[in-house]
Amino acid sequence: GISGSGSDELVLTISEEIFVGDVVTVSYDDTQGDVADGASNAFASVVDQAVTNNATLNLVSDIAGARTLSGGAEVRISGEVLVSYLTNNSRDQVFIQDASGGILIDDNDPVITTSYNVGDGVTNLEGTLGSFGGVTQLVPLSDPGAATSTGNSITPLTVAIDVFNADVDSYESELLLLEEITFTNADGSTAFGDPSSDYSTISDGVNTTTFDADGFLGIDFSS
């Protein structure tokens, strides 16, 4: 929609995803003659006016939209995302997800100074897309401010090992539930935190995959 009050400028709010360089066609019909410029001259109607997005930010509605962009692209996720895990490590890394997917925030500077809890909602998150160790990450450009909601529950996505193995990237940085699996190197005493056990093979009796607990210590993975 178009809005504005007491200003020489009108603000055009676009609800759809728009990327850098995209062209939007705008039509405006001032049938009431009630919109005027600073000199009190009524605006003429506009039909099919092409407007180019010259901003550096790509506007997407969700995490999946952000993950389609190339490394180095700057993005704003307009929809609310939920904090799913706080690493509390030296890089202030935080995992977030929404209904479309998950992504890792790598805030080494740090840029985000607002404190969040697991289950907090964050809206209009801005950052630069990148990758490290094969993991897609978002480096913040600004502090999105106070949580837009709190206390949200995050339900793990139940997935079988063979389905997970077939498309690992689509489940990256999401909270998952794998049922009826065993750790093939479990001996009843070795605990996570021992470098030899941070990487383990898990099996459902037919399929296997690698379980990496490195950086996720102090978690009851069975809960």
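Tyr 85 and Phe 95 are both buried, a word used here for under 20% relative accessible area, with exposed meaning over 50% and partly exposed in between (1.4 Å probe, protein chains only). Before going further, please note that this is a predicted model, where local features need pLDDT of at least 70, side-chain atom pairs count only at pLDDT 80 or more, and totals for chains, interfaces and linings use all residues. Residues are numbered from 1 along each chain as its sequence is written, and side-chain values use heavy atoms, leaving out hydrogens and water.

Rings of Phe, Tyr and Trp (its six-membered ring) count as a pair if their centres lie within 6.5 Å; planes under 30 degrees apart are stacked, over 60 edge-to-face, and the rest tilted. This rule gives three aromatic pairs. One of them joins Tyr 85 and Phe 95, a tilted pair at 6.3 Å centre to centre with 50° between the planes. Tyr 85 belongs to strand E7 (residues 81–86) and Phe 95 to strand E8 (residues 94–98), so this pair ties together parts that are 10 residues apart in sequence. Strands are DSSP runs of at least two residues (E), helices runs of at least four (H or I), both numbered from the N terminus.

Phe 164 and Tyr 171 form another tilted pair, 5.9 Å centre to centre and 35° between the planes. Phe 164 is buried at 16% relative accessible area, and Tyr 171 is buried at 16%.

Now find Leu 104 in strand E9 (residues 101–105). Leu 104 counts as buried because its relative accessibility is 8%. Leaving aside residues up to four places away in sequence, its contacts include Phe 95, Val 135 and Ser 173, where contact means heavy atoms within 4.5 Å.
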